[in-house]
Amino acid sequence: MGKAKGLCGGKGGSMHLTDVRIGAYGSFAIVGAHLPIAVGLSSPRAYLGDDAVSVCFFGDGTTNIGAFHEALNLASLWKTPTIFVCENNRYGEYSPQSLTTPIERLADRARHTRCPASSSTATTCSRCTPPPARRSSGRAVAGAPR
Ligand SMILES: Cc1ncc(C[n+]2csc(CCOP(=O)(O)OP(=O)(O)O)c2C)c(N)n1
Ligand SMILES: [Mg+2]
């Protein structure tokens, strides 16, 4: 059931959450479709000179989608302040990572584009040392050409 007072006025589910007033530019039913959009949205930030970054979240299965690799490629080439957060629950729908993905450590997928990447097994950011969100944010801002 959709909620009339919900984010999308009851017209979309969890894959269509958008509220541009708070900077939530969309989740989409096509796995990985939001990643190039996040890069595109963060691209002008580099020229505006502020410290804002785009943060996009996705799952382990999404790293097998072409849009993931395209997004990393452009983010690295243009040095956009984009943070890619992969939440690895080791499954894409019903398929375990071992049946769909030839590598174990998914952060390695960033290597071929030279995007700096790190992994953590902590389930809350405050337990990570050093906090990867803060470290990634610093990198993203530093990478942006001013
Ligand atoms: C292009 C595309 N292919 C297939 C699907 C069907 N689908 C929806 S969620 C999903 C699995 C996504 O797995 P993962 O990225 O690991 O995210 P998780 O749900 O585990 O957080 C799939 C294959 C889809 N929505 N879009
Ligand atoms: Mg998953």
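Is tyrosine 91 buried, partly exposed or exposed? With a relative accessible area of 44%, tyrosine 91 is partly exposed (buried means under 20% relative accessible area, exposed over 50%, partly exposed in between, with a 1.4 Å probe and protein chains only).

This is a predicted model, in which local features need pLDDT of at least 70 and side-chain atom pairs count only at pLDDT 80 or more, while totals for chains, interfaces and linings use all residues. Residues are numbered from 1 along each chain as its sequence is written, chains are lettered from A and ligands numbered from 1 in the order written, and side-chain values use heavy atoms, leaving out hydrogens and water.

**View 1. The magnesium ion (ligand 2) and its protein donors.** Donors here are N, O and S atoms within 2.8 Å of the metal (3.2 Å for Na, K and Ca); water is not among the atoms, so sites may look incomplete. Along the chain, the spacing is D-x28-N-x1-Y. Asparagine 89 counts as exposed, at 54% relative accessibility.

**View 2. The largest nonpolar core, with eleven residues.** Among them are Leu35, Phe58, Leu72 and Ala110. Such a core joins buried Ala, Val, Leu, Ile, Met, Phe, Trp, Tyr and Cys residues through side-chain atoms within 4.5 Å. Two or more residues each come from α1 (34–42), β1 (54–59) and α3 (66–78) (DSSP runs numbered from the N terminus: helices, H or I, at least four residues; strands, E, at least two). With four residues, α3 gives the most.

**View 3. Serine 76 in helix α3.** Serine 76 counts as buried, at 18% relative accessibility. Beyond its neighbours within four places in sequence, serine 76 is in contact (heavy atoms within 4.5 Å) with Thr113, Arg114 and Cys115.
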